[in-house]
Amino acid sequence: GKGLAVFTSGGDSQGMNAAVRSVVRMGIYLGCKVYFIREGYQGMVDGGDNIEEANWSSVSSIIHKGGTIIGSARCMDFIKREGRLKAAHNLVTRGITNLVVIGGDGSLTGANLFRQEWASLLDELLENNKITKDQREKYKFLHIAGMVGSIDNDFCGTDMTIGTDSALHRIIEAIDAIVSTAYSHQRTFIMEVMGRHCGFLAVYTSLCTDATYSFICEDPAPLNWEQKMCAKIQEERKSGQRLNIIIVAEGAIDREGKPITAEMVKKVVVDNLQQDTRITVLGHVQRGGSPSAFDRILGCRMGAEAVMALMEATPETEPCVVTLDGNQAVRLPLMECVRRTKAVAQAMADKNWDLAVQLRGRS
Ligand code: F6P
């Protein structure tokens, strides 16, 4: 059977295990020899026990677990050619020429570069007598399929990334808990949520929790946000509301591109309205805990699709990323999605927020 390996890379997210399980079982079902690569690219470079053959039962009882059972890492060695050479050697000697990578845009870009370099890496290994001529010929093509695991929902081309729905569940549960204590004391709570360069979690959270005001990076706060926010809080209190929830995305900024922090927002509320105000930073709680039903199913479907894509690949097939379009798991050209995702980041760096939102499109 064909050699196929699965690994998770970059920040973890809930639902990655469902995806790993699906890749392993679909791979075995289709007659592949399936491997785990532990600790992301680092495990690929280090080899040894990090690359281990998986069987049907090695992925039993993992679908409900958060995080990734095969570990994840940000790897510096893989950035250097020397590291990639070691990684190629570790794959070829095990007969692995199909890779499923579950990670963010950086991890997927790394996989694409690896594929582009594959022939020259194999040539160098042959020259150095690390592999045989037969191996050079037999394993001359590397196929890549990606899936996006991230709580941020920050990847272009997919409606949802694996983990976002679970993170929303975690956030909403926490805010519902905060609301009950806020109600008792008539307090205002400033909640900081994750999302790095993407306000998706903050926007959905605001809608789900009846928030008074929210700050994100794609729609920077107006220069007079202090007055606007205070007026809105006052208006709601006058109408009888006993508490206010304000959501601050960790990447929130104002029109000048300056960060807006939970501390700043609290000071404005306290100074102008003398309200009893508290901050809660949810942090990595958002990335932990068991995956939602949605993320389990998403991981299952994407994992199966990724394996099918690899089995159907020809030498000319470009690497794909499996994305969600409506309710369909579909394959898109990996690098086109990465390019769009990077263009969004560039538009934001250029303070062209409208373009950023437009480019992000359905994601
Ligand atoms: O990309 C996922 C994410 O959780 C972001 O929301 C956050 O900014 C970042 O990772 C935190 O990174 P780390 O886990 O390295 O602190």
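Helix α1 (residues 16-29) packs against helix α10 (residues 293-312) at an angle of about 35°, and their axes lie 7 Å apart. In this predicted model, local features need pLDDT of at least 70, side-chain atom pairs count only at pLDDT 80 or more, and totals for chains, interfaces and linings use all residues. Residues are numbered from 1 along each chain as its sequence is written. Helices (H or I, at least four residues) and strands (E, at least two) are DSSP runs numbered from the N terminus. Axes are lines fitted to C-alpha atoms, for helices over the stretch in contact, and angles run from 0 to 180 degrees between N-to-C directions.

The crossing of α1 past α10 is right-handed; a crossing is right-handed if the near helix is turned clockwise from the far one by less than a right angle, and left-handed if anticlockwise. On the α1 side the contact is made by M16, A18, A19, S22, V23, M26 and G27, and on the α10 side by D295, R296, G299, C300, M302, G303, A304, A306 and V307. Two residues are in contact if their C-beta atoms, placed from the backbone, lie within 7 Å. The residues of this contact of α1 with α10 comprise 10 nonpolar, four polar and two charged. In this classification Ala, Val, Leu, Ile, Met, Phe, Trp, Tyr, Cys and Pro count as nonpolar, Asp, Glu, Lys and Arg as charged, and the others, Gly among them, as polar.

Two residues of these helices were examined individually. A304 lies in helix α10 and is buried, with 20 other C-beta atoms within 10 Å. A residue is buried if 20 or more other C-beta atoms, placed from the backbone, lie within 10 Å of its own, exposed if 12 or fewer, and partly exposed in between. Leaving aside neighbours within four places in sequence, A304 is in contact with S22 and M26. A304 and V23 are 281 residues apart in sequence, but their C-alpha atoms are 5.8 Å apart in space. M16, in helix α1, is buried as well, with 29 other C-beta atoms within 10 Å. Beyond neighbours within four places in sequence, M16 is in contact with T8, T68, I102, G149, I162 and G299. M16 and F189 are 173 residues apart along the chain, and their C-alpha atoms are separated by 32 Å.

The axes of helix α6 (residues 164-185) and α7 come within 10 Å and cross at roughly 45°. This angle makes α6 oblique to α7, where angles under 35 degrees count as roughly parallel, over 145 as roughly antiparallel, 65 to 115 as roughly perpendicular and the rest as oblique. α6 passes α7 in a right-handed crossing. T164, A167, L168, I171, I172 and I175 of α6 make the contact with F200, L201, Y204, T205, C208 and T209 of α7.

For helix α8 (residues 225-238) and helix α9 (residues 262-273), the axes come within 10 Å and cross at roughly 65°. The crossing of α8 past α9 is right-handed. In α8, E226, M229, C230, I233 and Q234 meet V268, V269, N272 and L273 of α9. The contact of α8 with α9 has six nonpolar, two polar and one charged residues.

G195 lies in the loop between β7 and α7 and is buried, with 26 other C-beta atoms within 10 Å. Apart from neighbours within four places in sequence, G195 is in contact with D152, F200, L201, A202, A249, E250 and G251. The C-alpha atoms of G195 and L85 are separated by 34 Å, the two residues being 110 residues apart along the chain.

Most residues other than glycine have a negative phi. R196, in the loop between β7 (188-193) and α7 (200-209), has a positive phi near 45°. R196 is partly exposed, with 16 other C-beta atoms within 10 Å. D210 also has a positive phi, near 60°, and lies in the loop between α7 and β8 (213-215). With 13 C-beta neighbours inside 10 Å, D210 is partly exposed.
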